[in-house]
Amino acid sequence: MTTPPIALTIAASDPSGGAGIQADLKAFSANGAYGTAVLTALTAQNTRGVTGIHTLPPEFVTEQLDTLFADVAVDSVKIGMLADAAVASAVADALERHRPRYVVLDPVMVSTSGHRLLETDAVAVLRDRLLPLADLITPNLPEAGDLLGAAAAHNRAEAVEQARALLAAGARRVLLKGGHHTHDTESVDVLAAGDRVTEISAPRVTTRNTHGTGCTLSAAIAALRPQHDDWHTAVRAAKEYLTKALRAADTLRVGHGHGPVHHFHQYWS
């Protein structure tokens, strides 16, 4: 491992700074990693929603990745929005060539505002090619349902069942995020690996400023995994970081919709 560890985000740009590449780089820095980035798409969006997506040519995504890996010793990779099947395939090809040590896959499919971010034909590529290459996948409940071709889990028992189903489908480890269970007083995520299933919980934070929570959590895990001995410890540390970022989110004044979490809550007064 380099010191500090070098983390790479492969994702789309968010001009509002709350999600995507921008959020990932903030989460990397806040958690002690040097951030690098390869863009898959440009979006026109703010805290109220997404108005447009410009997907980059897959050949240029490949060029970005190969150029970076030819020079930089990347310790961990976080994969976010991939937009379409061609870009998803290009990323899978690059991972097979370069074989980074740690890979976290956040299967970004729908934005907080409800905009579809992954074309339907790309879901199969993500499931069949990228899922087996990732050390950890971090779907939320609707995303897990999409990957399995099923309805989203409605309770913890169903969440555990779907996490195990994703393992059976080829995932090495699954962190199934339970944030969509808004009726619970606790935010409970299910971490499944092999025969072990662990529930990781934190008090639910009441705030409308939740833009980029999924991006931030997966990026924090990618930053922290090279600094910890195992995935469970890294995931717990990332969950604690995100909970604090959510608690401080209302101190920011960004936009008029779903604002961002406070990535630098521990540094800014």
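Helices (H or I, at least four residues) and strands (E, at least two) are DSSP runs, numbered from the N terminus. The model on screen is predicted: local features need pLDDT of at least 70, side-chain atom pairs count only at pLDDT 80 or more, and totals for chains, interfaces and linings use all residues. Residue numbers start from 1 along each chain as its sequence is written, and side-chain values use heavy atoms, with hydrogens and water left out.

**Stop 1: strand β4**

Select residues 76–79. This is strand β4. S76 and K78 point one way, V77 and I79 the other. All four are buried (buried is under 20% relative accessible area, exposed over 50%, partly exposed in between; 1.4 Å probe, protein chains only).

**Stop 2: the neighbours of β4**

(Two strands pair if DSSP finds at least two bridges between them.) Pick I10: its bridge partner in β4 is I79.

Which residue of β5 is the bridge partner of I79? It is L105.

**Stop 3: A83**

Move on to the loop between β4 and α3 and select A83. Most residues other than glycine have a negative phi. A83 is not a glycine, yet its phi is positive, about 75°. Is A83 buried or exposed? A83 is buried, at a relative accessible area of 5%.

**Stop 4: helices α3 and α4**

Select residues 85–98 for α3 and 120–130 for α4. Two packed helices are described by the angle between their axes and the distance between the axes. Here the angle is about 15° and the axes lie 8 Å apart. (Axes are lines fitted to C-alpha atoms, for helices over the stretch in contact; angles run from 0 to 180 degrees between N-to-C directions.) That makes α3 roughly parallel to α4 (angles under 35 degrees count as roughly parallel, over 145 as roughly antiparallel, 65 to 115 as roughly perpendicular, the rest as oblique).

Show side chains at the contact (heavy atoms within 4.5 Å). From α3, pick A85, A88, S89, V91, A92, D93, L95 and E96. From α4, pick D121, A122, V125, R129 and L130.

**Stop 5: R99**

Finish in the loop between α3 and β5, at R99. R99 has a positive phi of about 50° and is not a glycine. R99 is exposed, with a relative accessible area of 52%.
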